[in-house]
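Visitor: Please take a close look at the surroundings of the ligand. Then place that site within the protein.

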Amino acid sequence: MTTRKETRKILIVDQDADSSQRLSHQLEFIDYEPKKLSSPELLDSLGDLSDYASVLVANFHGIAPWAAKLREKHEKCPPLVLLLGNSPADIAQSDIDENFVGCLKATIRYADLTDLLHKSEVRGTANTTPVKEGVQNPELFRSLVGNSRSVHRVRKMVDQVAPTEATVLILGESGTGKEVVARNIHYYSNRRNKPFVPINCGAIPAELLESELFGHEKGAFTGAVGARQGRFELADGGTIFLDEIGDMPLTMQVKLLRVIQERSFERVGSNKSIKSDVRIVAATHRNLEQLIIENRFREDLFYRLNVFPIEMPPLSSRAEDLPLLVKELITRLEHEKKSSVSLTPAAMMALCNYDWPGNVRELANLMERLTILHPYGVVDAGDLPPKMAPHGQALNQEREAVDAAAGGNGLPMVQGMPAVALNNKPRLPREGIDLKQHLTDIEIRLIEQALDECSGVVAHAANRLKIRRTTLVEKMRKYSIQRPEEVS
Ligand SMILES: Nc1ncnc2c1ncn2[C@@H]1O[C@H](COP(=O)(O)OP(=O)(O)OP(=O)(O)O)[C@@H](O)[C@H]1O
Ligand SMILES: [Mg+2]
């Protein structure tokens, strides 16, 4: 099986030695193993290409014929990907073949590069091992869009845990993408060709949940006219996704604990044990530790499930991901609903200032609504729902703080779009504030952002912050700030 871990090799096809070298450095920086070729013809001299994640093609036109040739020759051709130094409008229609993933501008931004590489890896894995089962809802199998530190962390954790057999507990507010993560874990696991079976433990009446999970024999209870397999049996060899585990009744929690401990279960109305070869991924938006205190969740089950916790960050804590997410959601609507919309910078700014209690789900719903109200139109801040209007809304503390530190000029550019320019004055909370700690937090946050934006190049980040490189290095040491590639 090809996993992302094994496909760090990447090919750069570029006749310009300088640009090839630059790109090669950027790729090495993010842990790829680039190999440089000066022309596509040389690809013939390489053996099997299946262990390359992607082929980056620079400054060549008419790539379709050799892409087709490559596919013929190599059964598992890596996704041919990115046309460097081109804008989408420059790309000849004839060059867009099924392995085309996207293009990058001549000045390559780290964020665009990682985003496209991620897409191409997902595509590559999908190409090499077709998924027969498990992805019933493509909307929920997506690469995890986002370039914030928290999303990088989640992606890294998914990478680490997917190939293992460990039970995973995904925590986070509603709509943050817990199911997206669960499906990614299954997809990148050795179980990917077996079923992914989700079950919402909160939505099924308590009296039916046992039979739903473990199945029943004919006549096991009134209405059981025939025998039926439960979700654990259906998920055999694959992954079961126990969604809203915090809502599982206590009686069922005991039974689930037994399955985890003994790896076997019985159908309702039967005493024949069935072996279970199922990986468990659970999720909840509830605070399980609090439920334990309230005697509504078993502590022993919590420890069994909490082997590898993944915490999904709320959208309000990663406003820098908004432009990318909006882009992804609009692209999705273009493919699925054949409609589109674009946002003015003012509208994007208003979205960045909103608190998103419904997280990415709320954003997805808004985008769908906007495409219905303004098909192929341009949406301005005034077209957004009143609660997202730029004025009269309460901004959260953190953003006020960032604004204060940035001298009222707001955050820097986010993904090439105007960022959250917050002009509100900071407000002193009623309970007072630890000013020193507060200013330190702001300093750390801005340094991290500068490093992220400058792909970890300290000298550039120091320029952005208008401080000397040595001062920045000192501050990074003092606050234990890592460069983006060192974040774990
Ligand atoms: N990082 C992301 N990139 C792209 N789409 C995302 C991302 N996170 C969430 N989504 C989209 O947001 C919606 C909600 O995601 P999901 O159902 O996984 O959230 P959830 O945490 O399970 O929510 P709930 O607790 O309400 O069930 C889906 O349409 C999903 O495709
Ligand atoms: Mg969910």
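**The shell around ligand 1**

Guide: Domain 2 (149-311) and domain 3 (318-486) each give at least three residues to the shell around ligand 1; the domain bounds come from an automatic or database domain assignment. The model is predicted: local features need pLDDT of at least 70, side-chain atom pairs count only at pLDDT 80 or more, and totals for chains, interfaces and linings use all residues. Residues are numbered from 1 along each chain as its sequence is written, and chains are lettered from A and ligands numbered from 1 in the order in which they are written.

The shell holds 19 residues, with V145, G177, K178, E179 and V360 the closest. A residue is near the ligand if its C-beta atom, placed from the backbone, lies within 6 Å of it. Helices α5 and α13 (359-373) each supply at least two shell residues; helices are DSSP runs of H or I, at least four residues, numbered from the N terminus. The shell comprises six nonpolar, seven polar and six charged residues. Ala, Val, Leu, Ile, Met, Phe, Trp, Tyr, Cys and Pro count as nonpolar, Asp, Glu, Lys and Arg as charged, and the others, Gly among them, as polar.

Now the core. The largest nonpolar core has 41 residues; I170, V181 and I240 touch the most other members. Helix α5 (residues 178-187) gives this core its largest share, five residues. A second, separate core has 24 residues, including V360. Such a core is a set of buried Ala, Val, Leu, Ile, Met, Phe, Trp, Tyr and Cys residues joined through C-beta atoms within 7 Å. Buried means 20 or more other C-beta atoms within 10 Å of a residue's own, with C-beta atoms placed from the backbone.

Notes
A residue is buried if 20 or more other C-beta atoms lie within 10 Å of its own, exposed if 12 or fewer, and partly exposed in between; C-beta atoms are placed from the backbone.
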